[in-house]
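Please have the sequence and the coordinates at hand while reading the points below.

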Amino acid sequence: MFALIDPKQFEASFIRWVQGISQTVKGVIAIDGKTLRRSHDQAAGKKALHLVSAWAVEKRLVLAQLATEEKSNEITAIPLLLEQLALKGGIVTLDAMGTQTKIAEQMIEQDGDYALALKDNHGNLFDEVKATFALAEQDGFASPY
């Protein structure tokens, strides 16, 4: 029975369904990439499958998912994933790889809130945030550093 289903039509229907329910998704939407263990086929020269997913934490549901060639392509997959989601009322979380200006701008344009990870490899931005926390600490607020 499942072999008779047209994959493109199923994908289009599934995306419409997810977009419909994502209108009501509130709370955290965690976006992250994972490489599926043992999904490679060395004999056929195929690398392991790497997926980038949008996970609705409270609903415990994957809202969208894209396969990428490798981990570095997460940055190009994230905007495509975000386009499929209604972000209003949600908080999107991304790891440091997804902390990109254009991605943040897209989430703002889609009325979403976000929490982005920041590492010291983000140079000036990391230093500016650290300085802001230092000023807040001088004013009596606890610093995470």
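Predicted model: local features only at pLDDT ≥ 70, side-chain atom pairs only at ≥ 80, totals over all residues.

1. The nonpolar core. The largest nonpolar core has 19 residues, and the members touching the most others are I29, I31, A54, L63, L82 and V92.

2. V92 within the core. V92 is among the core residues that touch the most other members. When neighbours within four places in sequence are left aside, its contacts are I29, I31, L82, L87, M107, D113, Y114 and A115.

3. Is L94 buried or exposed? A residue counts as buried when its relative accessible area is under 20%; L94 has a value of 6% and is therefore buried. This residue belongs to strand 4. Not counting residues up to four places away in sequence, L94 touches I31, I78, I103, M107, A115, L116 and A117. The C-alpha atoms of L94 and G33 are 9.7 Å apart, while 61 residues separate the two along the chain.

4. The two sides of helix 3. The buried residues in helix 3 are I103, A104, Q106 and M107. They lie on the same side of helix 3, because the arc they cover around the axis is only 160°. The face turned away from this buried side carries T101, K102 and E109, which are exposed. Helix 2, strand 4 and strand 5 (113-116) are included in what covers the buried residues. After helix 3 comes D111, which has a positive phi, near 60°.

5. Packing of helix 2 against helix 3. Two packed helices are described by the angle between their axes and the distance between the axes. For helix 2 and helix 3, the angle is about 5° and the axes are 10 Å apart. Angles under 35 degrees count as roughly parallel, so helix 2 and helix 3 are roughly parallel to each other. On the side of helix 2 the contact is made by I75, I78, P79, L82 and E83, and on the side of helix 3 by I103, Q106 and M107.

6. How many aromatic pairs does the structure hold? There are 2 aromatic pairs. In the stacked pair, F10 and F14 are 6.3 Å apart centre to centre, with 15° between the planes. F14 and W17 form a tilted pair, at 5.6 Å centre to centre and 40° between the planes. Together, F10, F14 and W17 make up one aromatic cluster.

7. An α-helix has 3.6 residues a turn, so residues three or four places apart point the same way. F14 is partly exposed, with a relative accessible area of 36%. W17 is likewise partly exposed, at 45%.

Methods
Residues numbered from 1 in each chain as written. Heavy atoms only, no water. Core = buried A, V, L, I, M, F, W, Y, C linked by side-chain atoms within 4.5 Å. Buried < 20%, exposed > 50% of the residue type's maximum accessible area, 1.4 Å probe, protein only. Contact = heavy atoms within 4.5 Å. Helix = DSSP H or I, 4+ residues; strand = E, 2+ residues; numbered from the N terminus. Phe/Tyr/Trp six-rings, centres within 6.5 Å; stacked < 30°, edge-to-face > 60°. Arc of directions from axis to C-beta. Axes fitted to C-alpha atoms, helices over the stretch in contact; angles between N-to-C directions. Parallel < 35°, antiparallel > 145°, perpendicular 65-115°, else oblique.
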